[in-house]
Amino acid sequence: MEGWSIVVPWVGFSLSELINKAKPTSKAKYVEFTTVEDPKQMPGQRGRVLDWPYVEGLRMDEAMHPLALLCFGMYGETLPNQDGAPLRIVVPWKYGFKSGKAIVRIRFSETQPRTTWRK
């Protein structure tokens with residue numbers, strides 16, 4: 001619809017808060033996010049369109065931006081499975097594929113992660 005947009009009221013915190021608490025070494029140049037892989041619960045993962053689990057990454061400067069969010073809810077409620085529970089990343093200035101859903105692992109890396117779309 002022309003002229004229509006929506007702002008989602010995410011519930012979460014700035015990714016920079018987690019990074020600051022984790023205290024990565026100066027060698028950490030990237031943050032890598034890995035999503036859940038459970039084809040029994042997620043039938044879309046049974047196809048081989050993508051190599052599961054889905055992996056995405058951000059440069060450390062992107063990850064430290066105050067609008068890079070780790071979200072566990074929206075609209076004041078717990079994040080529904082279809083919207084990325086238990087945890088999703090929201091990076092508003094990046095395309096949607098950077099906003100990984102159902103994140104189960106976060107790690108720091110010295111080298112650029114081998115992301116799903118780069119594979």
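**Figure 1. Salt bridges in the predicted model.** The structure holds six salt bridges, a salt bridge being a side-chain nitrogen of Lys or Arg within 4 Å of a carboxyl oxygen of Asp or Glu. This is a predicted model, in which local features need pLDDT of at least 70 and side-chain atom pairs count only at pLDDT 80 or more, while totals for chains, interfaces and linings use all residues. Residues are numbered from 1 along each chain as its sequence is written, and side-chain values use heavy atoms, with hydrogens and water left out.

**Figure 2. The salt bridge between R107 and E32.** The closest N and O atoms of the two residues are 3.0 Å apart. R107 lies in strand β7 and E32 in strand β2, so the pair ties together parts that are 75 residues apart in sequence. Helices (H or I, at least four residues) and strands (E, at least two) are DSSP runs, numbered from the N terminus. E32 counts as buried, at 6% relative accessibility, whereas R107 counts as partly exposed at 36%. Buried means under 20% relative accessible area, exposed over 50%, and partly exposed in between, with a 1.4 Å probe and protein chains only.

**Figure 3. A salt-bridge network of R59, D61, E62 and K94.** The side chains of R59 and E62 meet at 3.4 Å, N to O. E62 also forms a salt bridge with K94, where the closest N and O atoms are 2.5 Å apart. E62 is in helix α2 and K94 in the loop between β6 and β7, so this pair ties together parts that are 32 residues apart in sequence. E62 is buried, with a relative accessible area of 7%. R59 counts as partly exposed at 39% relative accessibility, and K94 counts as partly exposed at 27%.

**Figure 4. The open sheet β3-β2-β7.** Three strands form this sheet, and the pairing is antiparallel. Two strands pair if DSSP finds at least two bridges between them. β3 (55-59) and β7 (103-109) stand at the edges, each with a single partner strand, so one side of each is left without a neighbour in the sheet. Direction ignored, neighbouring strands are turned by 20° against each other on average. Axes are lines fitted to C-alpha atoms, for helices over the stretch in contact, and angles run from 0 to 180 degrees between N-to-C directions. Six bridges join β2 to β7, and five join β2 to β3. In β7, F108 is the bridge partner of V31 and R105 that of T34. Y30 stands opposite R59 in β3.

**Figure 5. Strand β2 and its two sets of side chains.** Six of the six residues of β2 are buried, so the strand is largely enclosed by the rest of the structure. Y30, E32 and T34 point one way, and V31, F33 and T35 point the other way. In a regular strand the side chains alternate between the two faces of the sheet.

**Figure 6. Helix α1 and the largest nonpolar core.** A nonpolar core is a set of buried Ala, Val, Leu, Ile, Met, Phe, Trp, Tyr and Cys residues joined through side-chain atoms within 4.5 Å. The largest core has 14 residues, and those with the most contacts inside it are L15, I19, V31, F33, L58, A63 and I89. Two or more residues come from each of α1 (15-22), β2 (30-35) and α2 (60-63). Leaving aside neighbours within four places in sequence, A63 is in contact (heavy atoms within 4.5 Å) with L15, S16, I19, V31, L58 and A68. In α1, L15, S16 and I19 are buried. Seen down the axis of α1, its buried residues fall within an arc of 95°, so they line one face of the helix; the arc is that of the directions from the helix axis to the C-beta atoms. α1 lies across β2, β3 and β7, running at about 60° to β7.

**Figure 7. Backbone details in the loops.** A cis peptide bond joins W52 and P53, with omega about 0°, and P53 is found in the loop between β2 and β3. Another cis peptide bond joins A85 and P86, with omega about 5°; P86 is in the loop between β5 (77-78) and β6 (88-90). K23, in the loop between α1 and β2, has a positive phi of about 50° although it is not a glycine. K23 counts as exposed at 68% relative accessibility. Y75, in the loop between β4 (69-74) and β5, has a phi near 55° and counts as partly exposed at 44% relative accessibility.
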